[in-house]
Amino acid sequence: MYDPRQHGAKCDSCPLNIFDGPVPPETSKEVRIVAVGEAPGEHEIREGRPFVGPAGNIITQTIQRAGLKRSHVHWTNVCLCRPPENDMGKFLELLRKSNRIIEKENRERKKVDKSAALQPLVPTPMQCCAPRLWKELEPYQHILSLGSGAAKALVSRGISIMSIRGGPTEIERGDRVLKIMPTLHPSFVMRAQRWTHVFRNDVQRAARWFRGELKWEP
């Protein structure tokens with residue numbers, strides 16, 4: 001059994017620890033790049049592997065078009081557990097509302113007793129899984145970031161995926177420089193098929209960039 005806590009995850013504090021998961025990363029000795037999504041879905045929970053089912057088929061076929069095999073990719077997610085109803089946005093909004101209530105109660109408690117112990121805020125699943133994710137990425141330099149959740153976790157919380165997708169991005173992590181290509185999530189492409197050619201072009205561009213074949217100036 002894969003235990004994320006042994007890899008740095010703070011599962012005991014995570015609000016997702018009572019839901020489905022974890023789905024461990026999938027890797028091989030042939031890995032050349034990393035693909036990072038937001039969280040596993042229903043198919044991933046059922047099979048215990050990341051990026052399977054219809055969305056998994058889309059990304060697998062797309063990387064094959066770019067000259068890569070599935071075994072050339074280390075597959076993982078920002079969060080290894082599935083949010084309720086497979087809707088991370090809705091779950092995070094409920095979490096924000098809960099924390100606002102806690103903050104209000106803490107202020108009221110301080111008014112009555114300035115020395116009173118305050119109730120801690122509930123961390124997000126991303127915060128709890130971040131130490132595990134960054135430790136997992138240490139052996140790699142080339143990262144394909146899939147979807148908004150992954151881009152926010154890897155690049156910046158304030159960015160929009162539509163504004164940066166398809167743009168080679170370099171970030172400094174300690175003494176290393178990571179090469180990240182943000183693009184859409186295959187589940188989004190599955191729902192909005194008009195974006196299929198954009199998604200394919202982004203992945204092919206990522207493969208060329210990672211091979212040193214793409215000359216890019218921001």
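This is a predicted model: local features need pLDDT of at least 70, side-chain atom pairs count only at pLDDT 80 or more; totals for chains, interfaces and linings use all residues.

Trainee: Is α2 roughly parallel or oblique to α8?

Mentor: Two packed helices are described by the angle between their axes and the distance between the axes. Here helix α2 (residues 53–65) and helix α8 (residues 196–210) have axes 9 Å apart, and they pack at an angle of about 50°. That angle makes α2, relative to α8, oblique.

Trainee: Which residues in α8 does α2 meet?

Mentor: Look at the α2 side to begin with: Ile58, Ile59, Thr62, Ile63 and Arg65 take part. The residues of this contact divide into two charged, two polar and five nonpolar. Over in α8, the partners are Phe199, Arg200, Val203 and Gln204.

Trainee: Now the strands. Which residue in β5 is the bridge partner of Glu170?

Mentor: Strand β4 (residues 169–173) pairs with β5 in the antiparallel sense, over five bridges. Strand β3 (residues 142–146) also has five bridges to β5 (residues 176–183), in the parallel sense. For Glu170, the bridge partner in β5 is Lys179.

Trainee: And which residue takes a positive phi in the hairpin of β4 and β5?

Mentor: That hairpin has two residues between its strands. The phi in question is near 65°, and the residue that takes it is Gly174.

Methods
Residues are numbered from 1 along each chain as its sequence is written. Side-chain values use heavy atoms; hydrogens and water are left out. Axes are lines fitted to C-alpha atoms, for helices over the stretch in contact, and angles run from 0 to 180 degrees between N-to-C directions. Helices (H or I, at least four residues) and strands (E, at least two) are DSSP runs, numbered from the N terminus. Angles under 35 degrees count as roughly parallel, over 145 as roughly antiparallel, 65 to 115 as roughly perpendicular and the rest as oblique. Contact means heavy atoms within 4.5 Å. Ala, Val, Leu, Ile, Met, Phe, Trp, Tyr, Cys and Pro count as nonpolar, Asp, Glu, Lys and Arg as charged, and the others, Gly among them, as polar. Two strands pair if DSSP finds at least two bridges between them.
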